[in-house]
Amino acid sequence: MASSNAFGWAATDSSGHLSPFHFTRRENEADDVTLKILYCGVCHSDLHTVKNDWGFTTYPVVPGHEIAGIVTKVGSNVTKFKEGDRVGVGVIVDSCKECESCQQDLESYCPKPVFTYNAPYKGTRTQGGYSNFVVVHQRYVLQFPGNLPLDAGAPLLCAGITVYSPMKYYGMTEPGKHLGVAGLGGLGHVAIKFGKAFGLKVTVISSSPSKEAEAIDLLRADSFLLSSDPEKMKAATGTMDYIIDTISAVHSLVSLFGLLKLNGKLVTVGLPSKPLQLPIFPLVMGRKLIGGSNFGGLKETQEMLDFCGKHNITANIELIKMDEINTAMERLSKADVKYRFVIDVANSLSSSNI
Amino acid sequence: MEHPRKAFGWAATDSSGILSPFNFSRRETGENDVTFKVLYCGICHSDLHMVKNEWGNTIYPLVPGHEIVGTVTEVGSKVQKFKLGDKVGVGCMVQSCRKCQSCAENLENYCPQMVLTYGANNVDGTITYGGYSNFMVADQHFVIRIPDALPLDAAAPLLCAGITVYSPMMYFGLNKPGLHLGVVGLGGLGHMAVKFGKAFGMKVTVISTSPAKKAEAIQHLGADSFVLSTDPHQMKVAMGTLDGIIDTVSAVHPLVPLLGLLKSHGKIVMVGAPEKPLELPVFPLIMGRKLVAGSCIGGIKETQEMIDFAAKHGVKPDIEVIPMDYVNTAMERLLKADVKYRFVIDIGNTLNPTS
């Protein structure tokens, strides 16, 4: 039994309420990196998990997979990292390493991924970044570019890669083309930033008129389309080359397909709880497609972080203390955040250990 | 008469869809036109939908037929690509705007002003009449040359069924040796997808609800395997094995089991168009980075490419040649999918003018 003591905040039942929690992490082995956690982003998946929305949560669970911190120890086989390095950990902490997906640096499609929290692993279960430190195999640790702040950079480890990967894979990167970003939350706001960095024209598609001002003035989208206004939607018919759909509620695909030009591509990264209705006619008549994508492999996540370093892309965050997490979760469930909560773990976790 | 030249064919006059002899007219051969005597015309399921006004847009009287082949009898003064006696064909379109982005990219099939070969408003204000008729006049841009290596009767269905599967197989990369292709539905489109798949060097699995189709799929069409989609065990065994699926079924059917057959990063392309939306849980798309796409016929340049490929690689539709006056019976049989795998009307020998 490992002897390191770890401390974090966990949910203990499907009320989703989080509270202080002591647990044990494994020892740092030859391939491992130990990092002191400074910041952890609050992803909507954390909320789904603590409430057992997807039906596979095992309690107690310490969430958090947008982890940023400083290396405190490295194993003897570790060459990429050293003490003091500024690093991050994202959605997975291991995979089989042998399958076709792993061999192609597509660990997010490995049939046996080990999620950073709520997964069986080495005889115990993984616990995530709402905690003081974590021990991770070096392959699943990312290097932060020197110029990227750790607090605003943490959400890139899930939100960032979740939109970056499909934008690359589906070829949504041709300068001058027109990208629609459906949904303006954690994923959506980062998609706008990547879109602008790729040289695209970006339109935010949202049902909330109150989001327009920030979309344009703060996030620098080129335009805003109110999806609940049929006339405006009609006027935008056939104007977009790509759409990133980050909306997690059940919503109409018909109206989104109408916005696409010939050969248009809609990528869905939101996870509605019920199936959507897929009209086939628009696909056939316009050679359009709908595709999915699941965060991204480690190599690509590093590429994404380096891209963010080069283009100064970070998330717009609201920094919170560890003991404010339950309020933050409530606000998140009402989409009341611009645009990601990040827990100031190092400065607030230990004081909550009463 | 709308036009100066008398023509005759068979037309549907109401939504019963029953066809009967019909006299009409066609335009003179214009400077860009090719006129050809029709020898054969394939029967596409779209013809059946249209004669019965199932899509709600049929203009009667309707002379169907958009898999038309024959021999050139006259060319306009500006036509250089074709000459008298050439074996030619016309598919689903006879005109487009020729100016938009789609037309510029050889994607006339996606031009918003594309004119269908039959039942459509043509640029001169008249209605187009299709290939169940004695001759056709078409702009040379939309005329396809039929290579000698292809028998004319078998070539006809390539002009719609062939291009409809060839185009997405090329565009979505489902054309590489060693990849594993699934074909859903084994009719006119499906059997062409199997043949092109094998010609591309792919492994091909037919997915169907009809156990009776298994023997033909494997022994006659050369498919490598057959999965009965109503058998959960067979479907389970086949999960995660396909790089791509061409789905030719136009009835509403479940997508989820088909998505399960795809490997990660797999693609399913719909070429049939169910009229109601299909249920799509996004989880399988996201977990496997899979995509669902659609495709509609193909551009003219690609249609010519496809025909040349078919001639070179011996990809020939399996047809049942019928006389003109069998057409109503053929339509009834088509409705029951009782054909292997395309009816082709022997226009040249059996379409006789009425008095």
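User: How many salt bridges are there between chain B and chain A?
Analyst: Happy to start there. This is a predicted model, where local features need pLDDT of at least 70, side-chain atom pairs count only at pLDDT 80 or more, and totals for chains, interfaces and linings use all residues. Residues are numbered from 1 along each chain, chains are lettered from A in the order written, and side-chain values use heavy atoms without hydrogens and water. With a salt bridge taken as a side-chain nitrogen of Lys or Arg within 4 Å of a carboxyl oxygen of Asp or Glu, the count between chain B and chain A is 0.

User: Which element gives the largest share of the side of chain B that touches chain A?
Analyst: Contact means heavy atoms within 4.5 Å, and it takes 32 residues from chain B and 32 residues from chain A. Elements giving two or more residues to chain B's side include S14, strand S15 (278-280) and helix H9 (282-288) of chain B; helices (H or I, at least four residues) and strands (E, at least two) are DSSP runs numbered from the N terminus. The largest share, 6 residues, comes from H9(B).

User: What area do chain B and chain A bury between them?
Analyst: Buried area is the accessible area (1.4 Å probe) that two parts lose on being put together, summed over both. Carbon and sulfur atoms hold 67% of it, and the total is about 2900 Å².

User: Which residue is the bridge partner of Gln277(A) in S15(B)?
Analyst: Two strands pair if DSSP finds at least two bridges between them. Strand S17 (residues 276-278) of chain A and S15(B) are joined by 3 bridges and run antiparallel. Within S15(B), the partner of Gln277(A) is Glu279(B).

User: Which strands stand at the edges of the open sheet?
Analyst: The open sheet has 12 strands with mixed pairing, and its order runs from S14(A) to S12(B). An edge strand has a single partner, so one side of it is left without a neighbour in the sheet. Those edges are strand S14 (223-226) of chain A and strand S12 (225-228) of chain B.

User: What angle does the direction of helix H4 of chain A make with that of S15(A)?
Analyst: Helix H4 (residues 159-169) of chain A packs on this sheet, touching strands of chain A together with S14 of chain B. Axes are lines fitted to C-alpha atoms, for helices over the stretch in contact, and angles run from 0 to 180 degrees between N-to-C directions. On that scale, the angle between H4(A) and S15(A) is about 150°.
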